[in-house]
Amino acid sequence: MLRKLLSHAVIYGLAAQAPRLAGVLALPIITRYLTPADYGVAGIVTAYVSVFTMLLTLGLSVVMMNSFARQPQRYPWVWRQLNGFVTIWSLVYGSLVIVALYFLVPEEGAAHRLEIALLAGLPIMLFTMTELQSNIYFQLSQKPLPLAFRSFIVGALGVALNIYTIAYLGLGFRGWFYAGFISVGVGFLLNSYHVYIRQKLWPIFNFKWSRIKSSLRISLPVIPHNLANFMLDTSDKLVLNILHVPVQRIGLYNVASSFGTYFLLASMAVTQAASPFYLTYLAQQKDRAAALQVRHLTFALLALFLFATTLGSLWMREIFIVLIKNEALQQAYPLAIIILMGYNYRPMYLAVMNTLTYREHTNKLWRLSVVAGVGNVLLNFILVPIFGYQAAAYTTFAALMYMGYSGFYIRAYKDSSLVPYYPMAWMALTVLLLFVVYELAAMAIMVKVIVTAIAGVGAIVAAILYRRNLKLQL
């Protein structure tokens, strides 16, 4: 049922994404005590941390999800062996990450290199695998409430610590890292109860190498895909740093991109809730009715995303005024519009990715993500020196559009697809809406109120007419 999908999406929003989404609540307070340089240092370090975190699990989440769906009685044995392998690997890998972060902290944060490296690196070494198991288990078993409880505590703690460390202690960018370390540590303790006490998913250190090798053959091709996917969200700040763009301007870009990240996190709540429905219908490989339900679900999600991002972009200037209590940082709102609209790619991308992953065509995913990620980096190196740091927002939008729509032309997907998705029409609509809201964002508030009212009525009518086609079942 669509109601079940949306209710689970709300719970997942509180679960996996609340710790970072809750940071929005602290913006009006902490931005008074931050500078573009603070945002620049934090953005650069966080970008590296995102890449390092993705590499840690070696793409094994794909194996965990498949084993849960295909071997419901044996998946704990598979998970425990993978946990043992990754736990040993994380000790070595985490040590290398801490050393790397020490040298990657920008000059503006050089006085606190070791402090930042430890605060950002230790969670990668100690906490990541437990959180991954917890998230996947409760997502696929349709039990989101335990995650919601955990994340409510972690999110509230993170907001309180951000305010305390930045606004009260005056730690600047360091406050984010202290708050993140403590809140993630508390989340680890709460996850550990569910993973190790309730589910008894203790790591097996005497694992079978044959199991690990067979799992890595499936998971390793996913690494370039996942890495490039993360690089689309983070590479801009890394390239700007390499091109010696002033940290203050990188900070402005980081403020703008953070609003795209907030929407990405919220959208991941929806896509997490939708994943079990996709798996159910994909299991019916030759059933056209099931394929139609997948398309109905994808189109419904895309319409929801377009509606949310269009209204968010329309009011972006006012959102910045309300949340960002810093005139220097408020200048970044036009870039936020471009980046936010790019994240409409996810529903169409989700349809292709779930299909290729379920059919175990993981070696084809690089054609989406790696090409998009490398293209984004190359375009940044070419265009940023010519047009300035703002060009990074446009290259990100173009790369995300490629991610979302190019997969429909991969043969491995086309051979298994039973219904058309009209990708070029949807992409053209997204680009058109970007141009429209970018121009309307500077208009008078009354004009925006009228546009919002018309869009809201249209959305309600469309939802009523379309819901009869969407009959989700599990």
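**Around Arg174**

Guide: Let's start with Arg174, which touches His112, Glu115 and Ile116, leaving aside residues up to four places away in sequence. Keep in mind that this is a predicted model.

Visitor: Okay. Where is Arg174 found?
Guide: Arg174 is in helix α10, which covers residues 174-198.

Visitor: Buried or exposed? I mean Arg174.
Guide: Arg174 is buried, because its relative accessible area is 18% and the cut-off for buried is under 20%.

Visitor: Which side chain meets Arg174 in a salt bridge?
Guide: That of Glu115. The N to O distance is 3.3 Å.

Visitor: And what does the pair of Glu115 and Arg174 tie together?
Guide: Glu115 lies in helix α7, residues 113-126, and Arg174 in helix α10, so the pair ties together parts 59 residues apart in sequence. Glu115 is buried too, with a relative accessible area of 19%.

Visitor: At what angle do α7 and α10 pack?
Guide: At about 20°, and their axes are 9 Å apart. That makes α7 roughly parallel to α10, since angles under 35 degrees count that way. The crossing of α7 past α10 is left-handed.

Visitor: Which residues in α7 and α10 meet?
Guide: From α7, they include Glu115, Leu119, Pro123 and Leu126. From α10, they include Arg174, Phe177, Phe181 and Phe188.

Visitor: How many residues of that contact are nonpolar, and how many charged?
Guide: In the contact of α7 with α10, 11 are nonpolar and 2 are charged. No polar residues take part.

Visitor: New topic. How many salt bridges does the structure hold?
Guide: It holds 4. Side chains of opposite charge can pair when their charged atoms come close.

Visitor: What about Arg113, which side chain does that one meet?
Guide: Arg113 meets Glu107 in a salt bridge, at 3.7 Å from N to O. Arg113 counts as buried, at 17% relative accessibility. Glu107 is exposed, with a relative accessible area of 60%.

Visitor: Which residues are linked in a network of salt bridges?
Guide: Arg317, Glu318 and Lys448. Between Arg317 and Glu318, the closest N and O atoms are 3.2 Å apart.

Visitor: Is Glu318 buried or exposed?
Guide: Glu318 is buried, with a relative accessible area of 14%. Arg317 is partly exposed, at 25%.

How values were computed:
Residues are numbered from 1 along each chain as its sequence is written. This is a predicted model: local features need pLDDT of at least 70, side-chain atom pairs count only at pLDDT 80 or more; totals for chains, interfaces and linings use all residues. Side-chain values use heavy atoms; hydrogens and water are left out. Helices (H or I, at least four residues) and strands (E, at least two) are DSSP runs, numbered from the N terminus. Buried means under 20% relative accessible area, exposed over 50%, partly exposed in between (1.4 Å probe, protein chains only). Contact means heavy atoms within 4.5 Å. Axes are lines fitted to C-alpha atoms, for helices over the stretch in contact, and angles run from 0 to 180 degrees between N-to-C directions. Angles under 35 degrees count as roughly parallel, over 145 as roughly antiparallel, 65 to 115 as roughly perpendicular and the rest as oblique. A crossing is left-handed if the near helix is turned anticlockwise from the far one by less than a right angle, and right-handed if clockwise. Ala, Val, Leu, Ile, Met, Phe, Trp, Tyr, Cys and Pro count as nonpolar, Asp, Glu, Lys and Arg as charged, and the others, Gly among them, as polar.
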